[in-house]
Each structure stands twice: as C-alpha cells, then as structure tokens.
Amino acid sequence: MTLSKKQGIALGVIAAALVAVVGVGVTIGLNRPADAVAAAAPTATAGANPDTGEIPRITGHAVPEAVAALKASGFTPIEPGKLTVAIGAFVPPLSYQPEGTTAATDVAGTEPNFGELIAEGLGLEYNPVVVAWADWPLGIQSGKYDLIASNVTVTEERKELYDFASYRQDLLGFYVRSDSPISKIEEADDISGLKIVVGSGTNQEKVLLKWNEELTAAGKAPAELNYYDDTAAATLALQSGRVDATFGPNATAAWAARETGETKLVGIIPGGWPLAADIAAATKKGNGLIEPVSIVLNAYIADGTYAEVLDAWGLESEGVDKSEINPPGLPKS
C-alpha cells in the first residue's frame with residue numbers, strides 16, 4: 001500500500017505519539033464526560049491545513065477585570081509590558097514550527113495560541129520563547145519565563161512549586177481505519193482479541209495491560225499489543241489491516257484523523273484512567289500571576305474565543321467548562 005504525502009505526514013503523527021509520550025501528557029483527576037467521542041468526530045475540511053499554509057491563529061482582547069487584577073497582584077513581568085511565555089515546538093495540533101518559519105512568534109498550535117491569548121487578555125505583549133521540555137521547570141522557578149503554555153499536566157508534586165490555571169483535558173484515544181467495522185472501544189471487553197498499536201512504557205500501555213488482566217481473569221481472549229519503533233511501519237500496519245487499532249494521546253491522533261480522513265475515533269478515556277487531570281498554564285508559585293490568568297481564560301470561555309481555538313485544531317473533545325486555579329492533579333508516587 002502506498003500513502004500520499006499528506007497521509008504519510010499526518011498518520012506519522014499518530015505513530016510518533018504512540019511510540020513515545022513526552023513527559024507533558026500523563027494525567028490524573030476525576031473521570032470526565034462520555035460525550036467526548038461525539039464531540040471529537042473529525043471533519044476533513046475544517047481547521048488548520050499545512051498543505052495550503054492556512055494556519056489558524058485566534059486573536060484575543062484585553063480583559064479589564066484581568067488587567068485590574070494583574071495590577072493589584074503586584075506581579076512584575078520579566079520584561080516590562082510583555083508576558084514572556086515558554087512554549088514548545090513539537091507536533092501539531094499542540095505546537096509546531098510551520099515549514100519555512102524560524103521565529104518563536106510563528107510557532108503554531110493550541111498551546112502557543114493560548115499563551116498569546118493570555119498575554120492579550122492581560123494587556124501585555126506576547127513574548128514567546130521556544131523551550132525544551134526539560135528546561136521549563138527551572139526557567140519558571142528562576143524567573144526566566146513568566147508563564148508556560150506547553151501541554152503541562154497538573155500534578156500534586158508540581159503544585160508545590162508552581163501555580164496552575166487549567167484550560168484543557170488530557171485524553172487518550174482509540175483510532176481505527178475509517179472503514180473499520182469497529183465502532184466502540186471503551187472498556188476491557190471491547191479490546192478482546194484485537195491487535196492494538198501502543199507505545200512501550202506509556203500510560204496507555206498500562207491501561208491495556210490492566211484490561212488484559214481483566215479479560216484473562218474472565219476467561220476471555222486478551223488483546224495483542226503491538227509495539228513499533230518506526231513510525232512508518234506503525235502507520236502501514238494500521239492501513240494494511242495488520243493491526244486493528246491504535247491507542248495514544250488523542251490530540252495528535254485527532255489531528256491526523258481530520259487531516260487525512262483515513263482514521264476514525266472509536267473511544268476516548270482519561271489520560272490517567274480511571275482518573276484524569278487538567279492541562280494548565282503554569283507560573284512560579286505565589287507570584288500573583290495565576291489569578292489574572294484564570295480570569296482571562298474564563299472570559300474567553302464565556303465569549304467563545306476559547307472554543308474557536310479548540311474548534312480550529314479539532315480538539316473540541318478536550319475543552320473545559322471553567323478554568324480552575326490549582327485543580328486536583330496526579331498524586332505523588
């Protein structure tokens with residue numbers, strides 16, 4: 001089977017997400033709505049299209065209540081009049097450097113867009129800095145960056161050093177070929193006898209191993225877990241029918257499904273099944289910034305700007321009804 005250039009790129013994103021989960025994505029909290037599958041149904045024509053160069057960038061506006069709260073907080077930006085935001089440049093739809101660009105201000109995706117919206121809401125100039133995942137914690141603590149917006153999960157351990165304002169759910173998705181007869185994967189019984197691509201050592205592998213234990217105990221056939229180090233091989237395995245499904249971070253798989261139309265979502269579960277937590281913007285603990293940030297996010301949720309960002313990148317299923325300050329997170333190990 002041959003894949004088009006667009007199929008190869010987008011489906012490669014699925015496989016990349018399956019074989020390696022960056023430390024940004026493991027989550028715990030309270031279980032979330034079952035409506036996520038319906039909300040995440042992909043449409044092949046909406047949103048970002050890297051082939052045509054049409055990259056969405058939702059703009060915001062100053063939120064008077066947040067501007068006043070920022071002034072009253074005593075917080076002082078690292079650079080006067082600017083909000084220095086640590087961002088990543090990994091994979092769409094979260095954050096990536098579009099082809100032909102080099103500036104941090106050109107990095108696209110949901111995460112930098114939320115960072116920019118927060119800056120605008122606070123009445124500050126957006127000043128993004130592309131940061132490696134390993135470098136942001138010290139950078140926030142030392143005052144090198146005011147804020148990070150880069151798919152950071154709230155954990156109880158992190159809450160000792162950082163304040164958080166939530167803006168998205170972390171979800172895992174089961175995807176199958178668009179012509180697959182499989183219509184639902186939501187619990188152990190649904191994977192019995194299936195061949196599923198999953199990343200070794202990931203949280204999603206732990207879920208499948210637990211489900212297989214349940215199946216074996218019930219005398220039912222467990223799923224066959226398939227591990228791929230090569231993204232092209234994993235992509236071809238799904239498209240050729242050698243495996244039945246993939247299981248990994250929903251954000252990247254939802255993007256690929258919408259861009260190619262070759263895969264479909266058949267199940268979503270919380271990232272820390274059976275519990276889930278929030279993705280959030282983070283600041284240095286106690287610096288006074290997080291309340292104004294949360295005010296901005298809630299204002300955008302109320303006026304529809306927030307939904308525009310998620311809609312543009314196909315992540316409607318990961319939306320929240322309210323930004324919370326320091327919500328419950330992943331327990332300490």
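Helix axes here are lines fitted to C-alpha atoms over the stretch in contact, and angles run from 0 to 180 degrees between N-to-C directions. This is a predicted model, in which local features need pLDDT of at least 70, side-chain atom pairs count only at pLDDT 80 or more, and totals for chains, interfaces and linings use all residues. Residues are numbered from 1 along each chain as its sequence is written, and side-chain values use heavy atoms, with hydrogens and water left out.

**View 1. Helix H4 meets helix H9.** Helices (H or I, at least four residues) and strands (E, at least two) are DSSP runs numbered from the N terminus. H4 and H9 pack at an angle of about 105°, with their axes 9 Å apart. H4 is therefore roughly perpendicular to H9 (the word covers 65 to 115 degrees; under 35 is roughly parallel, over 145 roughly antiparallel, and the rest oblique). Look for Leu117, Ile118, Glu120 and Gly121 of H4 in contact (heavy atoms within 4.5 Å) with Val293, Val296, Leu297 and Tyr300 of H9.

**View 2. Helix H3 meets helix H9.** The axes of H3 (residues 64-73) and H9 lie 8 Å apart, at an angle of about 180°. That makes H3 roughly antiparallel to H9. Glu65, Ala66, Ala69 and Leu70 of H3 make the contact with Pro292, Ile295 and Val296 of H9.

**View 3. Helix H10 and its buried face.** Which residues of H10 are buried? In this helix (residues 305-312) they are Thr305, Tyr306, Val309, Leu310 and Ala312, where buried means under 20% relative accessible area, exposed over 50% and partly exposed in between (1.4 Å probe, protein chains only). Seen down the axis of H10, these residues fall within an arc of 165° (taken from the directions from the helix axis to the C-beta atoms), so they line one face of the helix. They pack against helix H4 (110-121), strand E4 (162-169), helix H8 (250-260) and helix H9 (290-303). Just after H10, you can find Gly314 with a positive phi of about 70°.

**View 4. The largest nonpolar core.** A nonpolar core is a set of buried Ala, Val, Leu, Ile, Met, Phe, Trp, Tyr and Cys residues joined through side-chain atoms within 4.5 Å. The largest has 49 residues, and those touching the most other members are Leu83, Ile118, Leu122, Leu147, Tyr167, Leu289 and Val293. H9 gives the most to this core, with 6 residues. Apart from this core lies another, of 20 residues, including Ile185 and Phe247.
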